[in-house]
Each structure stands twice: as structure tokens, then as C-alpha cells.
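Subject: Structure handover

Hello,

Here is the structure for your files.

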Amino acid sequence: MNDWQQRVLALSGMALSAAAVQQLARSGQVLHDTVTDTLINSVLNLEPESTLAVYGSLEAMRPGFNTLLQQMGNGTQKDLELTRYMVGMIHLSRRLLNDKKALAELGRQLEQVSRQYHEFSFERYRILQSLASIYRELISPLGQPIRINGNPTHLKNEANQHHIRALLLAGVRSAVLWQQVGGKRRHFLFSRKRMLDTAKQLLQSA
């Protein structure tokens, strides 16, 4: 995978997290059941062999590529709420990368949850609960919290709250990855066509 493909893949991970958060907040469920598993794996795969290995496969990232294309294309399908969520993820990830203490603690806690997930096969709701707690304690305090809009009934549901925070943690994970593979904010201004072409290409390969 070349640099641009890796950057677009990480951006698609952020888009996938943002879309899943929005769906959950509005309807009480994530539309594709496999999306949550893809995103949990992206957080708990602590030693991936490649950028693609973070997400499992291009196929698993199809909804992320589609969301990114809608958000970055010239059409009228842009969703400002999703943009806001993604900007929030980038903001928190930058703060995280500058905070060595928080990074070290994050690594320690994720290792623990990764063991629960891979070795002891904890139920998914327990894993979501653990990831939500990590997000609340370590990531959220780093900067401006990401404010989630949606149906109050779904937002008050405790299981949904855990699920949303776990998805936000996955989004921050993708934002960190995006920066690690050379993603820069100026790319949104000066390299948009390059990113769109790459996203289309990856979607075709999926």
C-alpha cells in the first residue's frame, strides 16, 4: 500500500466511526452489525503488521470509503455533523500524541482489554464497557469533548452510551494512525482530488 492509500484508509476508519456514532445516537443501532466488530478490532489490534491489518480487509471498510466519498465529494451529500465528529477526533488525537503520560496509560489499559477480548473471549458488551471507560477517563479530558446529537431516548440508554464512547475511541485511534502515516490538515485543502481518487480506487478493490 502506498502512503496515500494508507492515509485514506485511516481517514475512512474515522468516517466509519463517525457514521456509526451518528446511527447509534439517532436510531439506537449501528446499521451494519459487522462495523462495530471492525472498529473494536482496530483498537485492540495492538501490533498490526500493516495499516490494512488494523481494519482487517478492504471489504470491511466499504461503508467507511462510501462515507468518506460523500463527505469529501462535490455533491450535496455532505453531513456537517459527521465532519464535526471527525474534526473532534483529530483534535483529541493530536492532544493524545502530545501527552506521553496519557499515551503510556492508554497502551497499558488497551493491552488489558485486548487480553480480555482475544484470550478470554469476554462478551462484546463487556468489551464496549471497558473501551468506553478508557475513552471517558483518558481521552475525553484531553480537549473539547465531542458533543453527540441524537434521539434523547437512545442517548440516555447506558448500553448505547458505552457503545458510542467505544466507537469514538476507535475514531481517535484512526486519527492517530492517519497522522502516523503522514496525514496533515493541509491535505484537505491541497490534496482533496488525490484523496478522492484514492478512496474510489480502494472502494473498487474492496
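Predicted model: local features only at pLDDT ≥ 70, side-chain atom pairs only at ≥ 80, totals over all residues.

Residues are numbered from 1 along each chain as its sequence is written, and side-chain values use heavy atoms, with hydrogens and water left out.

Overall chain

The protein chain has 11 helices and 0 strands; helices (H or I, at least four residues) and strands (E, at least two) are DSSP runs, numbered from the N terminus. The radius of gyration, taken over C-alpha atoms, is compared here with a globule rule of 2.2 Å times the number of residues to the power 0.38. For the protein chain the radius is 16 Å, close to the 17 Å that the rule gives for 206 residues, so the chain is as compact as a globular protein of that length. The C-alpha trace spans about 40 × 40 × 30 Å along its principal axes.

Of the 206 residues, 50% count as buried (under 20% relative accessible area, with exposed over 50% and partly exposed in between, using a 1.4 Å probe and protein chains only). Contact means heavy atoms within 4.5 Å. Among contacts between residues at least 6 apart in sequence, 79% join residues at least 24 apart.

Helix packing

Two packed helices are described by the angle between their axes and the distance between the axes. Axes are lines fitted to C-alpha atoms, for helices over the stretch in contact, and angles run from 0 to 180 degrees between N-to-C directions. Angles under 35 degrees count as roughly parallel, over 145 as roughly antiparallel, 65 to 115 as roughly perpendicular and the rest as oblique.

- H1 with H9: the axes of H1 (residues 3-27) and H9 (residues 158-180) come within 8 Å and cross at roughly 165°, which means that H1 is roughly antiparallel to H9. By class, this contact of H1 with H9 has 14 nonpolar, 6 polar and 1 charged residues (Ala, Val, Leu, Ile, Met, Phe, Trp, Tyr, Cys and Pro count as nonpolar, Asp, Glu, Lys and Arg as charged, and the others, Gly among them, as polar).
- H5 with H9: the axes are 8 Å apart, at an angle of about 65°, so H5 is roughly perpendicular to H9. The contact of H5 with H9 divides into 10 nonpolar, 3 polar and 1 charged residues.
- H1 with H11: the axes of H1 and H11 (residues 192-205) come within 9 Å and cross at roughly 80°, so H1 is roughly perpendicular to H11. Residues of H1 in this contact include Trp 4 and Leu 11, and those of H11 include Arg 194 and Leu 202.

Two residues

Ser 42 lies in helix H2 (residues 33-44) and, at 0% relative accessibility, counts as buried. Leaving aside neighbours within four places in sequence, Ser 42 is in contact with Val 54, Tyr 55, Ala 170 and Arg 173.

Lys 78 lies in the loop between helix H4 (62-72) and helix H5 (80-97). Lys 78 is partly exposed, with a relative accessible area of 40%. Not counting residues up to four places away in sequence, Lys 78 touches Gln 70, Gln 71 and Gly 73. Lys 78 and Asn 149 are 71 residues apart in sequence and 17 Å apart in space, C-alpha to C-alpha.

Regards
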